[in-house]
Amino acid sequence: MTLPVEDYKENIETVFDMSIEEFLAKAADNTDIKFCLADPSTGEWSDMGENYTANAPGYWMNTSGEAVSWGTDGYAAYIEYYSSDEACGVGYNDGLAVGTTGKMNVGWVDMNDTSKYFRFVINYTVE
């Protein structure tokens, strides 16, 4: 599954107070605006881009939405930001049983003003 960032242009421009082009450039740099992981239960940021576990910037997660490494017990799904495609790729461990459910809570945070952020809250079921 692919999530094109352009589809969220209005929200992103409003939140970050910049054009989508400026946002995409900063997201590609992954310094001032970083791809981060939040706790699905609380919404609090749990990783500010220091510990990517998938292709950076990106995360493998267990079904609870906690960062884990690929191949470890409980690894379930991933989301990675592909700046060259200006989109997020979302996928899952093909060994998961049909009916498995999980959560993801990831997005971009302005590292100069962490009150500015945009995130995806994803609940999934393997079919």
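Reply:

**Asn62 and its surroundings**

Leaving aside residues up to four places away in sequence, Asn62 touches Val68, Gly74, Ala76, Lys103 and Tyr124, where contact means heavy atoms within 4.5 Å. This is a predicted model, in which local features need pLDDT of at least 70 and side-chain atom pairs count only at pLDDT 80 or more, whereas totals for chains, interfaces and linings use all residues. Residues are numbered from 1 along each chain as its sequence is written, and side-chain values use heavy atoms, with hydrogens and water left out.

Asn62 lies in the loop between strand 4 (58–61) and strand 5 (67–68); strands are DSSP runs of E of at least two residues, and helices are runs of H or I of at least four, both numbered from the N terminus. With a relative accessible area of 15%, Asn62 is buried, the term meaning under 20% with a 1.4 Å probe and protein chains only.

The side chain of Asn62 makes a polar contact with the side chain of Glu66 at 2.8 Å, and a polar atom of the Asn62 side chain lies 3.0 Å from the backbone nitrogen of Ser64. A polar contact is a pair of N or O atoms within 3.5 Å; within protein, one must be able to donate a hydrogen and the other to accept it, and residues adjacent in sequence count only if both atoms are side-chain atoms.

As for the whole, the protein chain has two helices and nine strands, and 44% of its 127 residues count as buried.

Key
Buried means under 20% relative accessible area, exposed over 50%, partly exposed in between (1.4 Å probe, protein chains only).
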